[in-house]
Each structure stands twice: as C-alpha cells, then as structure tokens.
Amino acid sequence: MVEVHRSAVRRLGGRPRAVLLDTPYAFQENAADISARACGYFARSVGLEVQVGGDVATADWVFSGPGSPTYALDRWTASGTAADLRSRVRTRHGVTVLASAAACTAGVVTVPVYEIYKVGADPHWREGLDLLSALDLQVVVIPHYDNAEGGTHDTRFCYLGERRLARMEADLPDGTAVLGIDEHTAAIIDLSTDQVRIAGRGSVTIRRPGTRLQLPAGTTLTMPELRHLTSGHTTLPPPPPPPPESPPRVTLAELTQAHESRFAAALEDNDTATATQAILALESDLVAWSADTEEDSGGVAQSRDTLRHLITQLGKHAESAHHLTTLTEALVNLRATLRQDGRYDLADTLRTTLLTIGIHIDDTPTGPRWTRR
C-alpha cells in the first residue's frame with residue numbers, strides 16, 4: 001500500500017503535520033515497538049515524519065491502524081478524539097487514514113473482533129464512530145473482508161465468518177449496508193471531488209440482504225453512485241469499465257534470477273557494461289522490495305547475498321581482463337618485431353592465432369592497434 005499512502009501525502013504538499021493514533025494497540029506490551037516501526041515505515045517509504053499522538057483536530061494527516069476496535073472506541077469517546085475525528089470528515093479537513101481495527105470503527109456500528117473471535121462472546125455489534133454519516137453513507141465497515149488465515153475454518157469478514165456475519169446482519173439498523181474491504185485494498189474517498197477510488201490488490205464489496213456487489217481495484221465512482229449502491233436500489237448504475245488485467249506479480253527471487261542470468265551472459269561476452277547494469281538493476285529492485293513491509297525479509301537477504309556475489313565476480317573478471325591486456329600487448333609487440341625482421345610468415349600466423357580468440361590487429365601508420373571483439 002506504499003503508493004496509496006504516498007499519493008495521499010503528495011496532495012497535502014509541503015511538510016504536513018502528521019499524527020499517529022496508537023490507541024487501538026496501546027494496551028499491548030510491545031506498543032512502543034509497533035509505533036517505532038510504523039514511524040520508521042512512513043519516514044522511509046512514504047517520506048512523512050510522523051508524531052505519535054498530538055492534536056487530531058488540526059493535524060494535516062492522521063493515521064490509526066491495528067489492534068482492538070472496542071478498546072480504541074472507549075478511549076476515543078472518553079477523550080474527545082471521537083468528536084475530533086468526526087469533525088475532520090464533516091469539515092473535509094486534511095487526510096484521515098483508518099486501517100484494520102481503526103477502519104472497523106468508522107461505520108454506524110463496529111465489529112467487536114477480540115470479544116467474538118478471541119473470547120467467544122455471542123455475535124453482536126457495538127456502536128461505532130459513524131464517521132461516514134457526514135457523507136450520507138449508512139454503512140458498517142468490515143476490513144480483512146477476504147481474510148483466509150483460518151485455513152480449515154472461515155475467517156472471512158474480519159474473522160467473523162459467514163455464519164456469524166449472516167446472524168449479525170439481521171441486527172443491523174434498517175437501511176444499513178456492509179462495506180467490506182479486502183486485505184491490501186483501500187477505499188479512497190476524495191472529499192474535494194466527491195469521488196471514490198478502489199486501489200490495491202483486492203475488491204470492495206457492498207453487501208445487503210440477498211445482494212453482493214464487488215467493486216474491483218481500479219474502479220472509480222462518484223459519491224452519489226456509492227450512496228445509490230449502498231441504499232438498496234434494485235436498479236444499479238452502469239458498472240464501470242473493467243480495469244486492465246494486471247500482469248502476474250513477479251517475485252523478488254524471480255527478478256534476482258533474471259538479473260543473475262543477464263550478468264553471467266554479459267561476462268561470457270566480456271561485456272562489462274551490461275554486467276554492471278545487471279548489478280545496478282538488482283540493487284534497484286532490492287531497494288523497492290525493502291520498502292514493502294509485507295515482503296519476506298529472508299528473500300531480501302538472499303538477494304543481497306547474490307548482489308555481493310555478482311560484485312565479487314565482476315571484480316575478478318576485471319582482474320583477469322587486466323592480465324589478458326598485458327599478455328596481448330606483449331604478443332602484439334612480438335609480432336611487430338617479427339615483421340621488422342622480415343619474418344612475415346610467423347607474424348601472420350601470430351595474427352591469425354590472436355584473431356581466433358577475438359583479438360583483431362590493425363596496422364596503422366603510427367603502429368599496430370588491437371581491439372577485442
């Protein structure tokens with residue numbers, strides 16, 4: 001989601017005042033470590049200096065993410081942060097980014113994930129922040145909509161599964177739709193243009209009793225169109241054109257193997273320029289991959305080992321090329337001596353032999369010159 005964050009920050013311009021709300025995970029023993037890693041991620045990959053905590057009402061950019069939705073709700077309501085978050089949306093101020101647990105709180109009601117999935121409480125809703133009612137959207141937001149961590153049991157719909165969500169849907173306030181957001185996916189609402197864009201790897205699903213409508217990544221629609229879709233109309237606006245098919249995601253291991261093969265072929269042809277370009281391309285891919293916190297750090301480490309190996313090989317090749325140059329110079333000088341002595345047969349034989357290994361000699365008025373082809 002790096003580019004999603006970058007595009008939101010770019011629109012703010014200058015040096016925006018950025019606040020990270022750590023409330024959803026503040027009860028965890030490793031809360032400080034989570035905050036440090038989050039701040040490091042935004043600084044390194046997004047180019048945004050983030051402060052943990054601060055004035056939510058006036059900040060240019062506010063982010064909150066994983067943890068417990070109900071823990072965050074209770075503390076935001078008691079501290080006045082809930083009112084500040086609602087005010088940001090109502091006045092269309094700055095950028096507000098809610099992910100995972102924080103996204104759960106944005107609707108009319110909230111999924112109490114920990115209580116239901118971890119503790120075993122009966123399926124129920126908690127009152128939500130209802131940030132989106134200011135945009136005339138009566139929805140409940142369910143992130144991790146396509147979660148598949150359960151393997152043998154259903155953990156879709158933010159770990160509720162179909163059985164529990166279907167039971168809970170009957171208790172939703174009249175006219176409320178479910179807005180399900182897949183993992184690695186964002187629903188971006190532009191408050192300045194009243195447009196909605198779906199970005200990332202998955203889809204956003206609008207779910208009402210008996211109907212399911214998927215909006216794949218690449219979909220763009222207006223806020224009136226989104227309200228139309230979430231309000232239960234049986235006649236839907238014409239669907240947006242399908243996005244172009246994305247090419248299969250290339251892994252870092254596959255990229256590394258391609259650069260390594262290109263490097264080996266270049267050295268075989270004594271093409272040090274292309275070999276160097278292969279090394280630089282691998283280094284560039286490593287930097288890009290390292291910016292994605294979801295990627296396997298072990299794969300990055302293996303590719304770094306390959307990068308070091310290629311640099312070593314290039315150094316060894318350069319050393320052997322130096323020795324070859326020294327030997328070639330000696331043989332070219334020997335041929336010149338043979339020609340001066342009138343031993344043209346041996347001089348021609350030496351020239352032919354050098355030609356078989358790619359050394360070409362041109363006799364010029366200023367003396368012989370050789371090139372390797």
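Modeller: Two residues are in contact when heavy atoms lie within 4.5 Å. By that rule T81 touches L21, V56 and W76, leaving aside residues up to four places away in sequence.

Biologist: What kind of model is this?

Modeller: This is a predicted model, with residues numbered from 1 along each chain as its sequence is written. Local features need pLDDT of at least 70 and side-chain atom pairs count only at pLDDT 80 or more, while totals for chains, interfaces and linings use all residues, and side-chain values use heavy atoms, with hydrogens and water left out.

Biologist: What is the mean pLDDT of the chain?

Modeller: The mean is 87, on a scale of predictor's confidence in each residue that runs from 0 to 100. Of the residues, 93% reach 70 or more.

Biologist: Which elements have the lowest and the highest mean pLDDT?

Modeller: Helix 12 (residues 297-340) has the lowest, 77. Strand 7 (residues 139-142) has the highest, 97. These elements are DSSP runs numbered from the N terminus: helices (H or I) of at least four residues, strands (E) of at least two.

Biologist: Back to T81, then. Why does T81 count as buried?

Modeller: Its relative accessibility is 14%. Buried means under 20% relative accessible area, exposed over 50%, and partly exposed in between (1.4 Å probe, protein chains only). The value of 14% therefore makes T81 buried. T81 sits in helix 4 (residues 81-90).

Biologist: What makes D130 and D194 worth a look?

Modeller: Each has a positive phi without being a glycine: about 55° for D130, near 55° for D194. D130 lies in the loop between strand 6 (126-127) and strand 7. D194 lies in the loop between strand 9 (185-190) and strand 10 (195-200).

Biologist: Why do D130 and D194 count as partly exposed?

Modeller: D130 has a relative accessible area of 23%, so it is partly exposed.

Biologist: Now the helices. Why are helix 1 and helix 2 called roughly perpendicular?

Modeller: Helix 1 (residues 2-10) and helix 2 (residues 31-46) pack at about 75°, with axes 10 Å apart. Axes are lines fitted to C-alpha atoms, for helices over the stretch in contact, and angles run from 0 to 180 degrees between N-to-C directions. Under 35 degrees is roughly parallel, over 145 roughly antiparallel, 65 to 115 roughly perpendicular, and the rest oblique. The pair is therefore roughly perpendicular.

Biologist: Which residues meet there?

Modeller: V2, H5, R6 and V9 of helix 1 meet Y41, F42, S45 and V46 of helix 2. By class, this contact has 5 nonpolar, 2 polar and 1 charged residues. Ala, Val, Leu, Ile, Met, Phe, Trp, Tyr, Cys and Pro count as nonpolar, Asp, Glu, Lys and Arg as charged, and the others, Gly among them, as polar.

Biologist: What angle do helix 3 and helix 4 make?

Modeller: Helix 3 (residues 69-79) packs on helix 4 at about 85°, with axes 5 Å apart. Helix 3 is therefore roughly perpendicular to helix 4. W76, T77 and S79 of helix 3 make the contact with T81, A82 and L85 of helix 4. The classes are 3 nonpolar, 3 polar and no charged residues.

Biologist: What makes strand 3 and strand 4 a pair?

Modeller: Two strands pair if DSSP finds at least two bridges between them. Strand 3 (residues 61-64) and strand 4 have 4 bridges, in the parallel sense. In one of them, W61 is partnered by V95 of strand 4.

Biologist: How many bridges join strand 11 and strand 12?

Modeller: Strand 11 (residues 203-208) and strand 12 (residues 211-216) pair over 6 bridges, in the antiparallel sense. T205 has Q214 as its bridge partner in strand 12. Their hairpin has 2 residues between the strands, and G210 takes a positive phi near 85°.
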